[in-house]
Amino acid sequence: MFKRLLTLLVSVILAISFVLNGTVYADTLNLKSKSAILIEANTGQILYEKDSHKPLPPASVTKVMTLLLAIEAIDSGKIKITDKVVTSKHAFDMGGTQIYLEVGEEMTVDDLMKAIAMNSANDASVALAEYIAGTEENFVEMMNKRAKELGAKNTTFKNATGLPEEGHLTSVYDIAMISRELVKHESIFKYLTNKLDSLRNGKFSLINTNKLLWRYKGADGIKTGSTSEALYCMAATAKRGDTRLIAVVFGAPDSETRFSEAAKLLDYGFANYESVKVASKGQSFGNVKVFKGKKQAVSVVCRDDEYILIKKGEGKNIKTEVELKNAVLAPLAKEVPIGTVKITQDGKIIKTFNIYPQEVVEKANFFENLNKVFIGWLRYQ
């Protein structure tokens, strides 16, 4: 009798915790994977977690970071997708999944990105890593540095592939944060969503290892991985409307469980939550006067799309409050906030973000200021 009452009490406490926090914790979804997490991509809010910070071998899910550094290099102009990469002996020597690059073989960055994202090719990963950083070792340093920048505290990468190596560990939370950064790059979806393709003028076929692309509504990435040590792992993302979710599972006992549990996490998220866009990138929230500037006023805008996450059916009474500075002094940089937007629901602040000058306003010289005074004087004559 006492055990039954204790079990009931624990269940009630968990239920209250869920209602108050909106986050599902370990085992309430009865997952078989060793660790798992579900986040909403726009806000980064955690919706479910199970041993989310436990360091585990990630297998080829490692390549989420490889792809992130590659797409950042492409989008920044450091490399071009048309660049030709020459295969080294080190890349040729990679084991595991490959596209069988030969030493000295040339392949474009575009084709290497396909091979990594779709086929999880280890030789392609190392070839591209070497092209970006000079050596795989240098690239791994970049991987670890970027991971720390993104708040990954339980990650140590030892290679660019995810092939088994002592100390090569990360957590589902860290991979979720890296994946969240990856999906900010619209150009990456060219590779993540590609189901079927080929290399070498159609001689080598590519089939995306992410089966959710065929099975799950809204699925559009990210990466699978498996080794005997890591078992079956996956980072998955799907978008419906304005809501993008990211699910990560490590240590699933088999491939099918990996996909079904990632889908189960996504199902839970879409059934219970939705993202609401409260501001668009470039949206103006008014004008602010500029003293001693080449312009007398500047538009104040939002730098990024801004979202809030709400439970389904609880999107009423959401209001926007804007606070702008009365005036600013030139020179004025675009990076300096000159206003704040508060999003409230039922009088409670649920999100706050800064807004910025739409453009740089340079300081007016003596003659320009004198001209303004003269024009102002004429208006009142």
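The following questions and answers go through a predicted model of one protein chain, from its overall make-up to single residues. Residues are numbered from 1 along each chain as its sequence is written, and side-chain values use heavy atoms, with hydrogens and water left out. In this predicted model, local features need pLDDT of at least 70 and side-chain atom pairs count only at pLDDT 80 or more, whereas totals for chains, interfaces and linings use all residues.

Reader: What share of the 381 residues of the protein chain counts as buried?
Author: The secondary structure comes to 11 helices and 17 strands, where helices (H or I, at least four residues) and strands (E, at least two) are DSSP runs numbered from the N terminus. Buried means under 20% relative accessible area, exposed over 50%, and partly exposed in between, with a 1.4 Å probe and protein chains only. Of the 381 residues, the share that counts as buried is 49%.

Reader: How many residues of helix H4 are buried?
Author: Helix H4 spans residues 109–119 and is mostly covered. Its buried residues include Asp110, Asp111 and Lys114, as well as Leu112 and Met113. The count of buried residues in H4 is 11 of 11.

Reader: Which residue has the side-chain oxygen that reaches a backbone nitrogen at the start of H10?
Author: Helix H10 covers residues 255–272 and reaches 26 Å from its first C-alpha to its last, close to the 26 Å expected at 1.5 Å a residue, the expected span being 1.5 Å times one less than the number of residues. Among the buried residues of H10 are Arg258, Glu261 and Tyr268. At the start of H10, the backbone nitrogen of Glu256 has within 3.2 Å a side-chain oxygen of Asp254.

Reader: Is Thr155 buried or exposed, and with which side chain does Thr155 make a polar contact of 2.5 Å?
Author: Thr155 is in the loop between helix H6 (136–149) and helix H7 (172–182), and because its relative accessibility is 12%, Thr155 counts as buried. A polar contact is a pair of N or O atoms within 3.5 Å; within protein, one must be able to donate a hydrogen and the other to accept it, and residues adjacent in sequence count only if both atoms are side-chain atoms. The contact of 2.5 Å is with the side chain of Thr170.

Reader: What is omega for the cis peptide bond between Ala330 and Pro331?
Author: Another cis peptide bond joins Gly221 and Ile222, with omega about 20 degrees, and Ile222 lies in strand S7 (residues 219–227). Pro331, by comparison, is in the loop between strand S15 (327–329) and strand S16 (339–345). For the bond from Ala330 to Pro331, omega is near 5 degrees.

Reader: What is the phi of Leu231?
Author: A positive phi also occurs at Asp51, about 45 degrees although Asp51 is not a glycine, in the loop between strand S2 (46–50) and helix H2 (63–75). Asp51 is partly exposed, with a relative accessible area of 45%. Leu231 is in strand S8 (residues 231–240) and is partly exposed at 27%. The phi of Leu231, positive in a residue other than glycine, is near 60 degrees.
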